[in-house]
Amino acid sequence: EFWKSIILSLICVVCAATAAGLTLGLTSLDEFSLRVLCNRSACAPKGVPAEKLQGSAAKLHQDQQSAQQILPLVSGRFRNEGRVCNPTNGHVLLVTLLLVNSAANEALPLFLGRLVPDWLAVVLSVTVVLLFGEILPSAIFTGPRQLQLAAALSPLVKVARILLVPLVVPISLALDKCLGHEEAEEEDERREEMKA
């Protein structure tokens with residue numbers, strides 16, 4: 001029972017950390033910037049050594065592969081057809097990650113409560129979640145390897161979306177209805193920015 005509670009507590013912390021990091025890391029990525037990155041080609045400025053150019057071309061290629069993995073999570077709609085009962089992927093992503101994060105955060109004190117007194121379980125839970133489930137993951141997932149981390153964990157997000165679809169779709173549809181989504185207007189603004 002002791003080791004089971006320890007393992008379940010660690011799983012909760014890892015799930016909360018991953019979901020919190022991905023929430024900030026993925027939702028801070030702009031669809032338009034990802035599309036531009038995917039279509040960018042490596043330019044050779046004058047005076048740059050060939051070795052450095054190869055390194056930057058390899059980094060660009062890696063970033064483009066990562067962007068291509070991330071784009072289906074942040075752009076478009078949940079299903080490819082129609083708009084009726086078909087929420088935007090931005091809201092689906094947000095709701096999925098917040099549900100995983102909330103479930104892990106709420107379950108942690110239950111497992112810690114089997115190991116220590118209830119008051120200490122709450123104190124430990126809040127402290128561990130704040131440090132290892134929010135602050136550290138947020139710093140890591142928005143750092144220099146943001147694209148690579150988000151791309152590497154995108155299959156996990158897709159699985160969570162499938163598992164939580166009965167909860168995620170209605171909430172996402174409600175968000176779309178109440179808050180709207182800026183697909184068309186934002187796309188027109190972006191085109192105007194690019195022309196300028």
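Predicted model: local features only at pLDDT ≥ 70, side-chain atom pairs only at ≥ 80, totals over all residues.
Helices α4 and α5 cross in a right-handed sense. The axes of α4 (residues 89-112) and α5 come within 9 Å, with a crossing angle of roughly 145°. On the α4 side, the contact is made by N101, N105, L108, P109 and L112. Their partners on α5 are A121, L124, S125, V129 and E134.

Let's stay with α5 for a moment. This helix covers residues 118-141 and includes L130. L130 also belongs to a nonpolar surface patch of about 550 Å², which it forms together with L131, F132, I135, L136 and I140.

Now for a leucine in a loop. L164 sits between α6 (146-163) and α7 (165-179). Leaving aside residues up to four places away in sequence, L164 touches T96, L99 and V100.

How exposed are L130 and L164? The table sets out the two leucines.

| Residue | Relative accessibility | Class |
|---|---|---|
| L130 | 45% | partly exposed |
| L164 | 22% | partly exposed |

Buried means under 20% and exposed means over 50%, with partly exposed in between. L130 is therefore partly exposed, because its relative accessibility is 45%. L164 likewise counts as partly exposed because its value is 22%.

How values were computed. Residues numbered from 1 in each chain as written. Heavy atoms only, no water. Patch = residues over 30% accessible without salt bridge, like charges linked within 9 Å, V, L, I, M, F, W, Y side chains within 5 Å. Areas by Shrake-Rupley, 256 points an atom, 1.4 Å probe, with all protein chains shown as cover. Salt bridge = Lys/Arg side-chain N within 4 Å of Asp/Glu carboxyl O. Helix = DSSP H or I, 4+ residues; strand = E, 2+ residues; numbered from the N terminus. Buried < 20%, exposed > 50% of the residue type's maximum accessible area, 1.4 Å probe, protein only. Axes fitted to C-alpha atoms, helices over the stretch in contact; angles between N-to-C directions. Left-handed = near helix turned anticlockwise from the far one by under 90°. Contact = heavy atoms within 4.5 Å.
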